[in-house]
Amino acid sequence: MAKSLNMKFRKNLGGNMAEKYYSRLAVNLVFIRGNEVGEKEILLQLRQNTGYMDNMYDFACSGHVEKGESFSVALVREAKEEIGITINEKDLEFLAVNHHYQADHVQLFFGVKSYEGEPHVCEPEECGELLWTNINQLPDNTIPYVKNVLKDIVRGVQYDDGDFSRQKW
């Protein structure tokens, strides 16, 4: 489903004229596992020195799609670069897409069925730590959109283009 999305949009500039524009595309790994007592945990990273939401928890791995990359190729690359795991594209599971139209930003969220390696911090200059935490008890300093996306995923909502003007992009 995600690979068939057309990320080309039209932006109304007033009157009858419309200018084509392209949204920035980003992929996110929503890394969830069951713990020893049957509760769901999510792996988060503590952002640092990035200039965006530093000292806040974000999805364990995320990044922009580079020219010529598919969503799955971008996420496989980001997972290896940021948390040191190897993922086969066929093991990615599409979960949701958010179109933050006020910020010209499209975010795609994927789960992973299996992987090789143990997640660890590979970019210590940008990631203070990795944290497994109960999906229902996220740290207070979790980025607000992460909380919103997780609520959507739990409810089975795969698409959201709500009012994101209140969020810092």
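Let's start with Val 30, which sits in the loop between β3 and β4 (32–34). The labels for helices (H or I, at least four residues) and strands (E, at least two) are DSSP runs, numbered from the N terminus. Keep in mind that this is a predicted model: local features need pLDDT of at least 70 and side-chain atom pairs count only at pLDDT 80 or more, while totals for chains, interfaces and linings use all residues. Residues are numbered from 1 along each chain as its sequence is written, and side-chain values use heavy atoms, with hydrogens and water left out.

Back to Val 30: is this residue buried or exposed? Val 30 counts as buried because its relative accessibility is 2%; buried means under 20% relative accessible area, exposed over 50%, and partly exposed in between (1.4 Å probe, protein chains only). Leaving aside residues up to four places away in sequence, Val 30 touches Ile 42, Phe 59, Leu 95, Phe 109, Phe 110, Gly 111, Leu 150 and Ile 153, where contact means heavy atoms within 4.5 Å. Val 30 and Val 146 are 116 residues apart along the chain, yet 9.6 Å separates their C-alpha atoms.

Now step back to the whole chain. There are two helices and eleven strands, and reading along the sequence gives the pattern β-β-β-β-β-β-β-α-β-β-β-α-β. Of the 169 residues, 46% count as buried. Among contacts with a separation of 6 or more, 63% join residues 24 or more positions apart. The chain exposes about 9400 Å², with 47% of that supplied by carbon and sulfur atoms; these areas come from the Shrake-Rupley method with a 1.4 Å probe, and for residues only the protein chains shown count as cover.

Next up is helix α1, residues 71–83. Its 13 residues reach 18 Å from first C-alpha to last, close to the 18 Å expected at 1.5 Å a residue (that is, 1.5 Å times one less than the number of residues). Its buried residues include Phe 71, Leu 75 and Ile 83, and the buried residues of α1 pack against β3 (24–29), β5 (40–47), β7 (61–64), β8 (92–100), β9 (105–112) and β10 (127–134). Just after α1, Gly 84 takes a positive phi of about 70°.

What about open spaces? On a 1 Å grid over the protein atoms alone, a pocket is an open set of points where a 1.4 Å probe fits, with protein on both sides within 12 Å along at least five of seven lines; lining residues have an atom within 4 Å of a point. The largest pocket holds about 450 Å³ of space, a volume being the space filled by probe spheres set on the points, which are joined across faces, edges and corners. Of its 22 lining residues, Arg 47, Tyr 52, Ser 62, Gly 63 and His 64 lie nearest the centre. β3 gives the largest share of that lining, four residues.

The second largest pocket holds about 200 Å³. Here β8 and α2 (144–155) are the elements giving two or more residues to the lining. Val 30 turns up again in this lining, along with others including Leu 95 and Ile 153.

Helix α2 also contains Asp 152, which counts as buried because its relative accessibility is 7%. Asp 152 and Leu 95 are 57 residues apart in sequence and 9.5 Å apart in space, C-alpha to C-alpha.
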